[in-house]
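Hello,

Here is the structure I promised you. Please open it first, then read my notes below.

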Amino acid sequence: DGDVHRHLYLQGVLTSLAEVAERPKVSEFSCHISGCCQVFDTVEDYEHHYNTLHRNVCSFCKRSFPSGHLLDIHILEWHDSLFQIMAGKQNMYKCLVEACAEKFKSSKDRKDHLVTVHLYPADFRFDRPKKVKSGPKHVSSPSKQGASMPMDVSVETLEQFQVDPMEIGPSENMEIPQPAASPGPSVPEKQLYKSRIPSTICFGQGATRGFKGPRKK
Amino acid sequence: VLELLRAVQRGSEDRKRSLSRLRWALQNKETQQKFVRLDGSIRTLIGIFTSSLADMQMEAARCLHELSHSSDPAVAEACLPVTSYLLTYLSGHSVEFMELCLYTLGNLVVESEAVRKQLLPQGIIPVLASCIQSPHEAVLEGLGYVLSQLLQAKEAPTEIIPLVLDSVLPQHMLRLVCSGLKAGIGAAVEFAWCLHYIVCSHTANAALLSLGALPALTSLLLDLASEIPQDAPEGLELLVCPVLRCLSNLLAEETGCEVQIQDERLLIALFLILQCFLQQHPFIVQECLWLLNNLTADEPFFCSALLSLDLLPALLQLLPCSQMASVLVLTVLCNIAEKGPAYCQQLHRQPALPLLLPTLALPDPEVVGQCLELLHLLFLHWPEAAADFVTQGGHRALEQHQSTPELQERARALLDMVRQPLGASAFSPCHTTLSAFS
């Protein structure tokens, strides 16, 4: 009987969770982070926005990450000048699973480990290898990028999940819903559902941009 | 369904609305099944779920959450690619988002062994172990839910519980259960059930005992009992039930542990709880009685306490509650009677017989059988009771059972006992009598 009672209770909990709670609305306020003009009318929306975009942000390249662990790994592998040197001598590539202490000599070895031991998907989004070389064809300016960000996400692009880190990966297409962002300053519009995310923010992938790339105006 | 998917994939201005519409549609079972069969559907959802568009990410999470409600294992398996991301986001901070991830995981865990088999190597237990240190009640409750589902899996004793015991989870669970009355009862309820499932596996009790589970849970029961008269929070019975079970089962553990509860206030607490829940939630009665049985079975401490605290009348009052309650009350009385003449004397003086006699007339052989066991002990240790029994016409009730298969042997043995003249070999072992009784 106790178990029946417990089961009924859980049913109640689960169905009530599915109904998205009516959050108390407050008067509109905007995100305090400079450069971010997102506006909110509930605290929960703001909290999630902040955690997604501003919390685990790389101070070098401004990319944001879902966790501190992934951010730390990113900084080590992408921005630590000693990393490549040390990686030649010892296993430096840490496993992405926080509880796992394994380290590997290459990004590929790490991915193999993630897939075979931890059963991670081979196209795990937060494990994109850094591009070491950048040839001329891979370099572009922010303005060029802005102009070429298509708005529509075609079905095909979405399906290309397994893609080499290129300037304009399908993921970036998805992340920037705005029409081609003009690089010039514009009056920040109050749009509740669109986010004017600066184009340099993405989830740990994409090639070098910003101050590392040559500027072409 | 296809249209909804296309609308979401198109990425137009209305994308968020398309996602919302998809979410509503996914409340329907068939839609859930159709959706996962569409090519690229889960991949699309994952794409948005892992993007940095916060509000769409949340909406995608809600879609996944809807999908997780499906009772079709094929749907759960279609969600396999999502699990690594669900776990990744549990290292995050948004309460609402984490809540969704947790409940989605919990639901998937229930439906599919394939999901569980994948989640363990993906590190779900360490992730949950860090989450349990979150201060957010909603996160803790969701976490408790996932754990409770994991712990009920058929492979839990061999695959899951060892991992849990190796982590910091058990001590935090205990802490959260015990602080439930002040901090948050929702999470306490979940973790209490988690502890119960762990205890039931019979693989973990030494570990739990060494964490101080017995005194901690006893203390909690005492607090619970003292809170009830004033302002019983809704759902308290959901916390009381697993705590009672944990205590009962831990006490039944044959570890030869020196750790004993010797606090007679526990008895008072038990009876207070009994009184409180008798009307609304009668199932609590048998849970309490189980604990009482385990408390009184071996050591005489609680038997003495029961008598000296004058709780016998309250116990006897429970006889007519239900079949299960009757059997348990009688078993507890047997535990007391078995302790010797002094105890039997007190039982008899209660007086117990006027209540036991009508019990003999009940139609349930299990109840009557337990009553016969009790009478046997009573007469053995306190022959005066046998004499009074006859005076009150009890032997006639015994005669009724001479033809009942499960009862006849014992009934006849008892009749022989009461027909023996008082004093003459009342204490000499009567082999036929003794062998008829356990």
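**What I found**

Start on the surface: Leu82(A), Ile85(A) and Met86(A) form a nonpolar patch there, with about 270 Å² of accessible area together. A patch takes residues with over 30% relative accessible area and no salt bridge; like charges are joined within 9 Å, and nonpolar side chains (Val, Leu, Ile, Met, Phe, Trp, Tyr) within 5 Å. Accessible areas come from the Shrake-Rupley method with a 1.4 Å probe, and for residues only the protein chains shown count as cover. Ile85(A) sits in helix α4 (residues 83-89) of chain A.

Some ground rules. This is a predicted model, where local features need pLDDT of at least 70, side-chain atom pairs count only at pLDDT 80 or more, and totals for chains, interfaces and linings use all residues. Residues are numbered from 1 along each chain as its sequence is written, chains are lettered from A and ligands numbered from 1 in the order in which they are written, and side-chain values use heavy atoms, with hydrogens and water left out.

**Chain A overall**

Chain A has 8 helices and 4 strands. Helices (H or I, at least four residues) and strands (E, at least two) are DSSP runs, numbered from the N terminus. Along the sequence the pattern is α-β-β-α-α-α-β-β-α-α-α-α. Of the 217 residues in chain A, 42% are buried. Buried means under 20% relative accessible area, exposed means over 50%, and partly exposed is in between (1.4 Å probe, protein chains only). Chain A exposes about 12,000 Å², and carbon and sulfur atoms supply 58% of it. Now take the contacts in chain A with a separation of 6 or more: residues 24 or more positions apart account for 43% of them. A contact means heavy atoms within 4.5 Å.

**A covered helix in chain B**

Look at helix α10 (residues 124-131) of chain B. It is mostly covered, with 6 of its 8 residues buried. These are Ile124(B), Ile125(B), Val127(B), Leu128(B), Ala129(B) and Cys131(B). They pack against several helices of chain B, including α7 (83-89), α8 (95-111) and α13 (169-178).

His172(B) lies in helix α13 of chain B. His172(B) is buried, at 15% relative accessibility. Leaving out residues up to four places away in sequence, His172(B) touches Ile132(B) and Gln133(B). His172(B) and Phe191(B) are 19 residues apart in sequence and 9.2 Å apart in space, C-alpha to C-alpha.

Next, Glu190(B), in helix α14 (residues 185-200) of chain B. Its relative accessible area is 2%, so Glu190(B) counts as buried. What does Glu190(B) touch, not counting residues up to four places away in sequence? Its contacts include Arg6(A), Tyr9(A) and Leu10(A), along with Glu141(B) and Tyr145(B).

**Salt bridges**

Side chains of opposite charge can pair when their charged atoms come close. A salt bridge here is a side-chain nitrogen of Lys or Arg within 4 Å of a carboxyl oxygen of Asp or Glu.

Arg23(B) pairs with Glu59(B), the closest N and O atoms being 2.7 Å apart. Arg23(B) lies in helix α2 (residues 15-25) of chain B and Glu59(B) in helix α5 (residues 54-68) of chain B, so the pair ties together parts 36 residues apart in sequence. Both Arg23(B) and Glu59(B) are buried. In chain A, shared partners join Glu77(A), Arg110(A), Lys111(A) and Asp127(A) into one salt-bridge network.

Asp14(B) also forms a salt bridge with Arg17(B), at 3.1 Å between the closest N and O atoms. Asp14(B) is partly exposed at 33% relative accessibility, while Arg17(B) is exposed at 52%.

**Backbone details**

A cis peptide bond joins Gln350(B) and Pro351(B), with omega about 5°. Pro351(B) is in the loop between α23 (341-349) and α24 (353-360) of chain B.

Leu119(A) has phi near 55°, a positive value in a residue other than glycine. Leu119(A) is in the loop between α5 (107-116) and α6 (142-148) of chain A. Its relative accessible area is 35%, so Leu119(A) is partly exposed.

Best wishes
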